[in-house]
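Hi everyone, thanks for coming. Let me put the structure up, and then I'll walk you through it.

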Amino acid sequence: MSKQITIQPNFKISSLLKLKNRDIKIDDYQLYKSGRYSLFFGLKRIIEVNPLLTDIYIPTYVCPQVLMAIDKLDLNINFYQIDQNLSIDKKHLDESVNSNSIIIVINYFGFPSEWEYFEELKLKTKCTLISDNCHSLLTMHNGRNLSRYGDLSFNSFRKILPVLSGSQLFYNNKEYVMKNMISVRTPSLSELLYIFRSFKPVFIKSRLGDSKIFGEYGSKSSKYSFNPNLAYNIDSLSDKLFSNFLDDYQKIRDKRQQNYKSWLEYLPESDFIFLNNLEAINDITPYVFPCIARTNEIMNKWLTWGHKNNISIINWSNKSDNLNNYLRLMLLFPVIPDKDIKETLTNAI
Ligand SMILES: Cc1ncc(COP(=O)(O)O)c(C=O)c1O
């Protein structure tokens, strides 16, 4: 098994023994290739049902994959601020949102957003909410999975589960229900390469079959490409695997919580600002351990440390001018459940 500790889980060949057919009677969600595809088709559906919905509100703290889906549609884009505690700028939303607004709400890093506020805003303004649950597939909030919040919600299997692709687009508002037309496709070459990522020798530092695209708004380079007319559906292997993992989420949650705590104990407060409101307890399944480096030099020091120790650490940020300055220095540390971070850290150099 690879010694590299990655943010996203490795595919396990042994899971091929557990392939099973999905329930074909589902009518409350569609399956797509990944989160950005679910978002695109979800937005398309909203506009089809109500063409007056033309204003979209997006948090300033967002990745290009979300923007590339939105860019393909004819919407007026507005941003709302996120601060270093991941709190939202409520004043701005209170003053500008109305019944023609669509708001993207991101549940960052496995933690719920401020849903009580958003649900109240919806009651007041009749706006439309989309829950971006790509980081928080297995997290419950007040006894309800975060995929059940918002008018529509979408997740991203590969970030949390050892599969190749897949994303559920939930129709939590019956108005948007579409006829079930789930289709599957043969895994692509890059997905097949991803299966073998766990066998990659440690000395190969580049990421096999993995894409690492963070950071730039509006980049049109090919690695940011997104084409909803091509291969937008889930691959046939992941389609037969994901429900096993969803049924067995407790083990994943416990291990991720344990690894999260190991980072909290290990990383020095002199180097980082910790997000004290993000406690990985109870119904939280963290995607990563997020924390803010105190300076640019400290951030680079830890990225180099990760490289030396075969631990993938990501600076999850973007280059937007209106991004909070602290969030530019956000680092994400892996908590994947098939590794024991505490044990790894005892041998770190
Ligand atoms: C918050 C967030 N939303 C959406 C996406 C898009 O998900 P996917 O990579 O499955 O298309 C990502 C990651 O890429 C993400 O981090």
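**Helix packing and the ligand shell**

Let's start with α2, whose buried residues pack against α1 (35-49). Contact here means that two C-beta atoms, placed from the backbone, lie within 7 Å. Please keep in mind that this is a predicted model: local features need pLDDT of at least 70, side-chain atom pairs count only at pLDDT 80 or more, and totals for chains, interfaces and linings use all residues. Numbering runs from 1 along each chain as its sequence is written.

Which residues of helix α2 are buried? In this helix, residues 64-71, they are P64, L67, M68 and A69. Buried means 20 or more other C-beta atoms within 10 Å of a residue's own, with C-beta atoms placed from the backbone. Helices are DSSP runs of H or I, at least four residues, and strands are E runs of at least two, numbered from the N terminus.

Now the ligand. Around it sit S34, G35, R36, C63, Q65, V66, I106, D132, C134, H135, S156 and S167, each with its C-beta atom, placed from the backbone, within 6 Å of the ligand. Both α1 and α2 supply at least two residues of this shell.

Finally, the whole chain. You can find eleven helices and 15 strands in it, and 38% of its 349 residues count as buried. Its C-alpha atoms fill a box of roughly 55 × 45 × 40 Å along the principal axes. Among contacts between residues at least 6 apart in sequence, 69% join residues at least 24 apart.

How values were computed
A residue is buried if 20 or more other C-beta atoms lie within 10 Å of its own, exposed if 12 or fewer, and partly exposed in between; C-beta atoms are placed from the backbone.
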